[in-house]
Amino acid sequence: GQQVMQIPQYQHVQEGEDFTTYCNSSTTLSNIQWYKQRPGGHPVFLIQLVKSGEVKKQKRLTFQFGEAKKNSSLHITATQTTDVGTYFCAGRGAGGTSYGKLTFGQGTILTVHP
Amino acid sequence: EPEVTQTPSHQVTQMGQEVILRCVPISNHLYFYWYRQILGQKVEFLVSFYNNEISEKSEIFDDQFSVERPDGSNFTLKIRSTKLEDSAMYFCASSETGSHGYTFGSGTRLTVV
């Protein structure tokens, strides 16, 4: 079945440093989504990427979808303590038979030291 | 901001007992899901539900599990005979269509003792 791998598992940064997490799927995706889960919280939808090579920005966050639609990245510029949490990518398989099912990566736990 | 509501927030149950986890998805959403997350680990797909029937389920979702939408607003997950390894955070989610982002509920923490 479809597998979504995410690296790194953990990232510790000083406030103000940049952060990147990478996501790779074993199969071609129809789209990829990113979620943020604060400690003790639930995943919250950040963004969806659909097109090959797509790049989207949300303030300090930049999301990319690979040309082959099998990988993606999330980059945060100048991290702040409010960025702390686990960032998950979640892919939806191509082929139109997934009925909305998302396969989540393992997540990257981001810690920001003030 | 519309929310997905889950009850209870915590449930402790004896091994072998049945539990029902309840969810109220967002009213205009058509797709409903259950996921679970064992402490600190990935979010695992259990089942998706559309048009009053299961559209997809994972290998985790065996005969012990069932889902229901009994009254057009609630969406329930039943575990018939709980095992220790069923201990996890169970998240309900809904989406407007099969290609939109999910809105997750706050989860039910299930502890099987």
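Predicted model: local features only at pLDDT ≥ 70, side-chain atom pairs only at ≥ 80, totals over all residues.
1. Four strands of chain B form an open sheet in the order 1-3-8-7, and their pairing is antiparallel. Strand 1 (5-7) and strand 7 (65-68) of chain B are the edge strands; each has a single partner strand, so one side of each is left without a neighbour in the sheet. On average, neighbouring strands of this sheet are turned by 15° against each other, direction ignored.

2. Strand 1 of chain B pairs with strand 3 (residues 19-24) of chain B in the antiparallel sense, over 3 bridges. Within this region, Thr5(B) stands opposite Val24(B), a residue of strand 3 of chain B.

3. Gln37(B). This residue belongs to strand 4 (residues 31-37) of chain B. Gln37(B) counts as buried because its relative accessibility is 9%, and the cut-off for buried is under 20%. A polar atom of the Gln37(B) side chain lies 3.0 Å from the backbone oxygen of Gln41(B). Leaving aside residues up to four places away in sequence, Gln37(B) touches Gln37(A) and Phe88(A) in chain A, and Lys42(B), Val43(B), Ala88(B), Met89(B) and Phe91(B) in chain B.

4. Salt bridges in chain A. Over all chains, the structure holds 5 salt bridges. One of the pairs is Lys56(A) with Glu54(A), whose side chains meet at 3.8 Å, N to O. Lys56(A) is partly exposed, with a relative accessible area of 31%, whereas Glu54(A) counts as buried at 16% relative accessibility. Another salt bridge joins Asp83(A) and Arg60(A), with the closest N and O atoms 2.9 Å apart. This pair links distant parts of the chain, 23 residues apart: Asp83(A) sits in the loop between strand 8 (71-76) and strand 9 (85-93) of chain A, and Arg60(A) in the loop between strand 6 (55-58) and strand 7 (61-65) of chain A. Asp83(A) is buried at 4% relative accessibility, while Arg60(A), at 23%, is partly exposed.

5. Salt bridges in chain B. The side chains of Asp86(B) and Arg36(B) meet in a salt bridge of 3.9 Å, N to O. Asp86(B) is in the loop between strand 8 (75-79) and strand 9 (88-95) of chain B and Arg36(B) is in strand 4 of chain B, so the pair ties together parts that are 50 residues apart in sequence. Asp86(B) is buried, with a relative accessible area of 4%, and Arg36(B) also counts as buried, at 9% relative accessibility. A network of salt bridges links Arg36(B) and Asp86(B) with Glu44(B).

6. In soluble globular proteins, nonpolar side chains tend to be buried together. The largest nonpolar core of this model has 22 residues, of which Trp34(B), Leu46(B), Phe61(B), Val67(B), Phe75(B), Leu77(B) and Tyr90(B) touch the most other members. Two or more residues of this core come from each of strand 3, strand 4, strand 5 (43-50), strand 7, strand 8, strand 9 and strand 11 (108-112) of chain B. Another core, of 19 residues, lies apart from it and includes Leu61(A), Phe63(A), Tyr87(A) and Val112(A).

How values were computed:
Residues numbered from 1 in each chain as written. Chains lettered and ligands numbered in written order. Heavy atoms only, no water. Pairing = 2+ DSSP bridges. Axes fitted to C-alpha atoms, helices over the stretch in contact; angles between N-to-C directions. Buried < 20%, exposed > 50% of the residue type's maximum accessible area, 1.4 Å probe, protein only. Polar contact = N/O pair within 3.5 Å; in protein donor to acceptor, adjacent residues only side chain to side chain. Contact = heavy atoms within 4.5 Å. Salt bridge = Lys/Arg side-chain N within 4 Å of Asp/Glu carboxyl O. Core = buried A, V, L, I, M, F, W, Y, C linked by side-chain atoms within 4.5 Å.
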